[in-house]
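Keep the structure open while reading the points below.

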Amino acid sequence: MGTVQVMNHPLIQHKLTIIRDKSTGTKYFREVVNEIARLMAYEVSRDMPVEDVEIETPLIKSVQKQLSGKKVAIIPILRAGLGMVDGMLDLIPAAKVGHIGMYRDHETMEPVEYFVKLPSDISERQLLVVDPMLATGGSAVAAIDALKKRGAHSIKFVCLVAAPEGIKFLQEAHPDVDIYTAALDEKLNEKGYILPGLGDAGDRLFGTL
Ligand code: PRP
Ligand code: URA
């Protein structure tokens, strides 16, 4: 079973409170989502392998460490996942970016796929699937299904707010995927929104409320 890491670092908790607050406007919301994504990228990359490399400092030759292993691709689930991309790229600037368009039908709550554009070498990359919200888990599971169908097999899922229902559904569907979330909230309401949550992440990021 994949691991679930709740990143309750004080800076992340503080920033999450800002974006949960309904009085936070679009511009500030977008900035803080990116700031949290940047902090999460630091932790998500903790197990990246390193190798020895010989360099010369201004004083002597020395063996030091550099990143090795798989290259990374960041895969935002549209729309709201886009809000996390720049923050992630700040720490992992060489990553490629693939896009998966997925929206929840408001009646059925089922995810509908409408766009997929990925780097050609996803099977060789460590994929970081990003979406601020893991609610029922339908969108995350469908996005990861779409990636695996195209050859991906090394996947981490990174979100800001997760519901217990979404974690369970994602773990059951994709037990090989580690989940990183900034917060684990209480539950879903009858419309599939996370409580206490932060509302509709896409609408708050793009001002479409
Ligand atoms: C939101 C969110 C997730 C999904 C989570 O997207 O960004 O993708 O809902 O819900 P789930 O876990 O129940 O699938 P939404 O469908 O509102 O689309 P948007 O990002 O375009 O606003
Ligand atoms: N999608 C959102 O944007 N917010 C929720 O609370 C649930 C799904």
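In what follows, Ala, Val, Leu, Ile, Met, Phe, Trp, Tyr, Cys and Pro count as nonpolar, Asp, Glu, Lys and Arg as charged, and the others, Gly among them, as polar. By that scheme, the lining of the second largest pocket divides into 12 nonpolar, 4 polar and 4 charged residues. The model is predicted.

**Second largest pocket**
- This pocket holds about 390 Å³ of space.
- Its lining has 20 residues, and Met 48, Leu 67, Lys 70, Lys 71 and Val 72 lie nearest the centre.
- Two or more lining residues come from each of α2 (26-44) and β8 (126-130).

**Largest pocket**
- The largest pocket has about 540 Å³ of space.
- It is lined by 26 residues, with Tyr 103, Arg 104, Ser 139, Asp 200 and Gly 202 closest to its centre.
- The elements that give two or more residues to this lining are β4 (72-78), β6 (99-104), β9 (133-134), α4 (138-149) and α6 (201-206).
- Its lining residues comprise 14 nonpolar, 8 polar and 4 charged.

**Aromatic contacts**
- The count is 1 aromatic pair.
- Tyr 103 and Tyr 114 form this pair, which is tilted, with 5.9 Å centre to centre and 40° between the planes.
- The pair links distant parts of the chain, as Tyr 103 is in strand β6 and Tyr 114 in strand β7 (residues 111-117), 11 residues apart.
- Tyr 103 counts as partly exposed because its relative accessibility is 42%, and Tyr 114 counts as partly exposed because its value is 43%.
- Arg 104 lies over the face of Tyr 193, 5.7 Å from the ring centre.

Definitions and conventions:
Residues numbered from 1 in each chain as written. Chains lettered and ligands numbered in written order. Predicted model: local features only at pLDDT ≥ 70, side-chain atom pairs only at ≥ 80, totals over all residues. Heavy atoms only, no water. 1 Å grid on protein atoms, 1.4 Å probe; cavity = no way out; pocket = protein on both sides within 12 Å on 5 of 7 lines; lining within 4 Å. Points joined across faces, edges and corners; volume = space filled by probe spheres on them. Helix = DSSP H or I, 4+ residues; strand = E, 2+ residues; numbered from the N terminus. Phe/Tyr/Trp six-rings, centres within 6.5 Å; stacked < 30°, edge-to-face > 60°. Buried < 20%, exposed > 50% of the residue type's maximum accessible area, 1.4 Å probe, protein only. Lys NZ or Arg CZ within 6 Å of the ring centre and 35° of its normal.
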